[in-house]
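Please keep the viewer open and follow along.

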Amino acid sequence: MKDLSMEQLTNQYFDVLKELGNIGAGNATTALAQMIDCKVDMSVPQVRLLEFQELGDIVGGDDQIMVGIYLQVGGDVDGSMMFILPKFAAAHLVNKLMCGMLGIDEETADEYVFGEMELSAIKEVGNIITGAYLNALSGLTNLKIYPSIPQVGIDMAAALLSVPAVEFGVLGDKILLIETQFSDDVDLDGYFIMIPEMESYQRILTSLGVI
């Protein structure tokens, strides 16, 4: 099997990666709607391969307070994955999940301090959303993919993104980003960052018959 570089992925296989992103994000939206028990619409995901240092600006700036759900994946695909969203969006989802018990609205969501119960709910949201994405990838490729228990962090975007940045440093300077806007009565931006090892990219594309 010929070794791939990220540049070759950019040029030759981007459409396939984009399709994986579309299906994964669609599954995640369905799972989210079932979880919070209301209709959730989704914009067409923006799928990009980009320089890692561009990531902070795209998610709203390095100093934007975000919630990140980070997990590692193993099995036939090795690597890691992160789902990040602005803090107000996470607070809105948790409030929905807890039937409005938190009393959060658009004015107060950014200032809300998450306790253990809310962090547990965020972890569950992350579990559902990332699980739906990985199930889509597994279903398309017939590869076995096993996620780890997710870790949750609340911090400035630059600090959260430093975790995958360290892992990604051994692979190259580009990353696969899937940006999706969910909406029920509030627009929520969510970002999937997928970081398979290069060998796993090859395995994914081989299983799809692309290489």
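## Ground rules

This is a predicted model, in which local features need pLDDT of at least 70 and side-chain atom pairs count only at pLDDT 80 or more, while totals for chains, interfaces and linings use all residues. Residues are numbered from 1 along each chain as its sequence is written, and side-chain values use heavy atoms, with hydrogens and water left out.

## The overall picture

The protein contains 7 helices and 8 strands; these are DSSP runs numbered from the N terminus, with helices (H or I) of at least four residues and strands (E) of at least two. Of its 211 residues, 48% count as buried. Buried means under 20% relative accessible area, exposed means over 50%, and partly exposed lies in between, using a 1.4 Å probe and protein chains only.

Contact here means heavy atoms within 4.5 Å. Among contacts between residues at least 6 apart in sequence, 74% join residues at least 24 apart.

## H2 against H5

Two packed helices are described by the angle between their axes and the distance between the axes. Axes are lines fitted to C-alpha atoms, for helices over the stretch in contact, and angles run from 0 to 180 degrees between N-to-C directions. For helix H2 (residues 14–36) and helix H5 (residues 116–141), the axes come within 8 Å and cross at roughly 140°. H2 and H5 are therefore oblique to each other; angles under 35 degrees count as roughly parallel, over 145 as roughly antiparallel, 65 to 115 as roughly perpendicular and the rest as oblique. The crossing of H2 with H5 is right-handed, the term for a near helix turned clockwise from the far one by less than a right angle, with anticlockwise giving left-handed.

On the H2 side, the contact residues include Gly21, Ala25, Ala28 and Leu32, and on the H5 side they include Val125, Ile129, Tyr133 and Ala136. The residues of this contact divide into 15 nonpolar, 3 polar and 1 charged. In this scheme Ala, Val, Leu, Ile, Met, Phe, Trp, Tyr, Cys and Pro count as nonpolar, Asp, Glu, Lys and Arg as charged, and the others, Gly among them, as polar.

Helix H4 (residues 87–97) has 8 of its 11 residues buried, so it is largely enclosed by the rest of the structure. The buried residues are Lys87, Ala89, Ala90, Ala91, His92, Leu93, Val94 and Asn95. What covers them includes H2, H5, strand E3 (65–75), strand E4 (79–86) and strand E8 (187–196).

How does H4 meet its helical neighbours? The axes of H2 and H4 come within 8 Å and cross at roughly 50°, and the two helices are therefore oblique to each other. Leu32, Met35 and Ile36 of H2 make this contact with Leu93, Lys96 and Leu97 of H4, giving 5 nonpolar, no polar and 1 charged residues. The axes of H4 and H5 come within 10 Å at roughly 95°, and H4 and H5 are therefore roughly perpendicular. Here Ala90, Leu93, Val94 and Leu97 in H4 meet Glu118, Ala121, Ile122 and Val125 in H5.

## The nonpolar cores

A nonpolar core is a set of buried Ala, Val, Leu, Ile, Met, Phe, Trp, Tyr and Cys residues joined through side-chain atoms within 4.5 Å. The largest one has 45 residues, and those with the most contacts inside it are Leu32, Leu85 and Phe192. Beyond its neighbours within four places in sequence, Leu32 is in contact with Val40, Leu93, Val125, Ile129 and Phe182. A second, separate core of 16 residues includes Leu50, Leu177, Tyr191 and Ile193.

Gly21 lies in H2 and is buried, with a relative accessible area of 0%. Not counting residues up to four places away in sequence, Gly21 touches Pro45, Val47, Tyr133 and Ile178. Phe14, also found in H2, counts as partly exposed at 21% relative accessibility.

Val113 sits in the loop between H4 and H5 and is exposed, with a relative accessible area of 67%. Its C-alpha atom is 10.0 Å from that of Lys87, which is 26 residues away in sequence. Further along, H7 is followed by Gly209, whose phi is positive, near 80°.
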